[in-house]
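Reader: I have the model open. Can you take me through a few residues and then the core?

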Amino acid sequence: MTSTPAGSHPVATPLIAAGALFLDNQGRILLLRPTYKPYWDIPGGYAEPGESPRAACAREICEELGIQAQVGRLLSVDWAPHPDEGDKMLFIFDAGQLTAEQLAQITFQDGEIAEYAFVEPEHLDQFTIPRLTRRLRATIRALTDHQPAYLEDGIPQ
């Protein structure tokens with residue numbers, strides 16, 4: 001999408017989405033199986049108008065998992081245009097590890113999520129699409145390196 005501010009040339013107006021990277025004590029990634037798409041994803045979704053990516057991430061965790069969780073530091077930003085959806089910027093934040101109490105409280109309230117699983121990073125391609133697999137593996141490297149990653153279509157730049 002583009003818009004044209006008064007008196008200037010068109011500028012990008014990308015969709016903004018934010019997701020949470022939860023790892024368990026074995027380094028496995030929390031994935032959700034949405035009922036509305038054919039692949040697994042991390043908790044997260046699109047930001048609402050006026051909502052920051054971090055706030056969108058926290059809201060989506062609550063909506064999708066039914067729990068409150070701390071949204072930590074930014075791990076990656078991915079410039080990921082989609083042929084059907086236009087320009088997109090995808091933010092992933094460190095959400096740490098869920099406690100046993102939080103795991104026990106997970107509920108899928110609105111029918112959008114069917115189940116969750118913790119998945120080894122090397123098995124991501126069995127659960128999700130290639131661009132998300134690239135993004136998540138690069139994000140895990142950013143977590144390990146203690147340095148945010150800038151990605152384009154999941155590829156570090």
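**Aspartate 41 and beyond**

Author: Aspartate 41 counts as buried, because its relative accessibility is 18% (buried is under 20% relative accessible area, exposed over 50%, partly exposed in between, with a 1.4 Å probe and protein chains only). This is a predicted model, with pLDDT of at least 70 needed for local features and 80 or more for side-chain atom pairs, while totals for chains, interfaces and linings use all residues. Numbering runs from 1 along each chain as its sequence is written, and side-chain values use heavy atoms, without hydrogens and water.

Reader: Where does aspartate 41 lie?

Author: In the loop between strand 4 (29-34) and strand 5 (44-46). Strands (E, at least two residues) and helices (H or I, at least four) are DSSP runs, numbered from the N terminus.

Reader: What is aspartate 41 in contact with, beyond four places in sequence?

Author: Leu30, Leu31, Leu32, Pro34 and Leu132, where contact means heavy atoms within 4.5 Å.

Reader: Switching to arginine 137: which helix is it in?

Author: Arginine 137 sits in helix 3 (residues 130-145). Arginine 137 is partly exposed, at 28% relative accessible area.

Reader: Now the largest nonpolar core. How many residues?

Author: It has 19, and Phe22, Cys57, Ile61 and Leu65 have the most contacts inside it. Such a core is a set of buried Ala, Val, Leu, Ile, Met, Phe, Trp, Tyr and Cys residues joined through side-chain atoms within 4.5 Å.

Reader: Which element gives the largest share?

Author: Helix 1, with four residues. Another core, of 15 residues, lies apart from that one and includes Leu21 and Leu132.
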